[in-house]
Amino acid sequence: MNAAPMPSCDFCLIRHGETTANAEGFIAGVTDVALTRMGRAQARALSDREWPARIAIHASPMSRAQDTARLAFPDRHIEVHEGLRERDWGVFEGRPLTQQPTREATPDQGESWTDMLTRVQSAILEICALSQGKLPVLVCHSGIIRAARVLWTTGDAGQRPPNATPLLFQRTGNTLMEKRL
């Protein structure tokens with residue numbers, strides 16, 4: 001998916017806080033799992049950060065992302081965007097992470113990597129186009145962050161991003177540079 005259209009602005013991606021699935025080591029793409037005590041603490045810690053005055057918060061429809069957004073940005077409006085949901089791993093949902101198929105494989109009853117890239121590209125382009133001068137802050141999942149890397153940075157999905165760590169995707173020419181905030 002090289003040469004993906006560039007988002008119209010910089011944006012920040014935040015992976016949700018630690019979940020029960022993360023702690024127990026199982027696949028929970030579209031399976032709705034709760035934040036752990038640590039995950040809630042990670043999200044709350046984000047509320048202590050200095051943020052630009054003009055931000056727009058968007059979250060995945062999954063409760064783990066919405067809960068992270070509410071704890072990280074209390075008293076702020078959160079817009080839910082369906083395109084920010086995690087990948088559907090089909091028959092592998094609920095299985096141990098050791099059984100997760102490769103990213104390029106399409107799981108039975110699940111979403112292909114190509115379809116996910118297309119969905120993520122559309123969602124982020126739409127959110128950026130509607131940002132009206134605000135920094136879009138998207139509370140989402142590791143799959144969304146990895147898709148953004150493939151679409152606009154190195155072309156490599158890279159390692160799983162840490163929980164509740166803001167990553168700024170900043171425009172530089174025809175690519176985006178990812179940096180931790």
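**View 1. Buried residues of helix H4 in the predicted model.** In this predicted model, Trp 113, Met 116, Leu 117, Arg 119, Val 120, Gln 121, Ala 123, Ile 124, Ile 127 and Cys 128 are the residues of H4 that are buried. The helix runs over residues 113-129, 17 residues in number, and spans 24 Å between its first and last C-alpha, which is close to the 24 Å expected at 1.5 Å a residue. The elements that cover the buried residues of H4 include strand S1 (11-15), strand S2 (55-59) and strand S4 (135-140), together with helix H5 (142-152).

View 2. S1 runs parallel to S4 and is joined to it by 4 bridges, one of the paired positions being Leu 13 with Leu 138 of S4. S2 also pairs with S4 in the parallel sense, here over 5 bridges, and Ile 57 has Val 137 of S4 as its bridge partner.

**View 3. Helix H5 and its surroundings.** H5 is largely enclosed by the rest of the structure, because 11 of its 11 residues are buried. These buried residues are Ser 142, Gly 143, Ile 144, Ile 145, Arg 146, Ala 147, Ala 148, Arg 149, Val 150, Leu 151 and Trp 152. They pack against helix H4 and against the strands S1, S4, S5 (166-172) and S6 (175-180). H5 in turn is among the elements that cover the buried residues of H4.

**View 4. The largest pocket and its lining.** The largest pocket has a volume of about 390 Å³, and of the 25 residues that line it, Glu 86, Trp 89, Gln 100, Ser 142 and Arg 160 are the closest to its centre. Ser 142 is also one of the buried residues of H5, the helix that gives the most to the lining of this pocket, with 3 residues. Helix H1 (20-24), H4 and H5 each supply at least two residues of the lining. Divided by class, the lining of the largest pocket holds 10 nonpolar, 8 polar and 7 charged residues.

View 5. For the second largest pocket the volume is about 260 Å³, and its lining is made up of 14 residues, among which Ala 56, Ile 57, His 58, His 77 and Glu 79 lie nearest the centre. Ile 57 is also the residue whose bridge partner in S4 is Val 137. S2 provides the largest share of the lining of the second largest pocket, 4 residues, and both S2 and H4 supply at least two residues each. The lining of this pocket divides into 5 nonpolar, 5 polar and 4 charged residues.

View 6. Ser 112 is found in the loop that lies between strand S3 (78-80) and H4, and because its relative accessibility is 13%, Ser 112 counts as buried. When its neighbours within four places in sequence are left aside, Ser 112 is in contact with Arg 87 and Thr 106. Gln 109 is likewise found in the loop between S3 and H4, but Gln 109 is exposed, with a relative accessible area of 63%. The phi of Gln 109 is near 65°, a positive value in a residue other than glycine.

**View 7. Ala 164 in the loop between H5 and S5.** Ala 164 has its place in the loop between H5 and S5, where the residue is buried, with a relative accessible area of 10%. Although Ala 164 is not a glycine, its phi is positive, at about 50°.

**View 8. Asp 67 in helix H3.** Asp 67 lies in helix H3, which covers residues 63-72, and is partly exposed, with a relative accessible area of 27%. Between Asp 67 and Gln 42 there is a separation of 25 residues in sequence, and the distance in space, taken from C-alpha to C-alpha, is 11 Å.

Methods
Residues numbered from 1 in each chain as written. Predicted model: local features only at pLDDT ≥ 70, side-chain atom pairs only at ≥ 80, totals over all residues. Heavy atoms only, no water. Expected span 1.5 Å × (residues − 1). Buried < 20%, exposed > 50% of the residue type's maximum accessible area, 1.4 Å probe, protein only. Contact = heavy atoms within 4.5 Å. 1 Å grid on protein atoms, 1.4 Å probe; cavity = no way out; pocket = protein on both sides within 12 Å on 5 of 7 lines; lining within 4 Å. Points joined across faces, edges and corners; volume = space filled by probe spheres on them. Nonpolar A, V, L, I, M, F, W, Y, C, P; charged D, E, K, R; others polar. Pairing = 2+ DSSP bridges.
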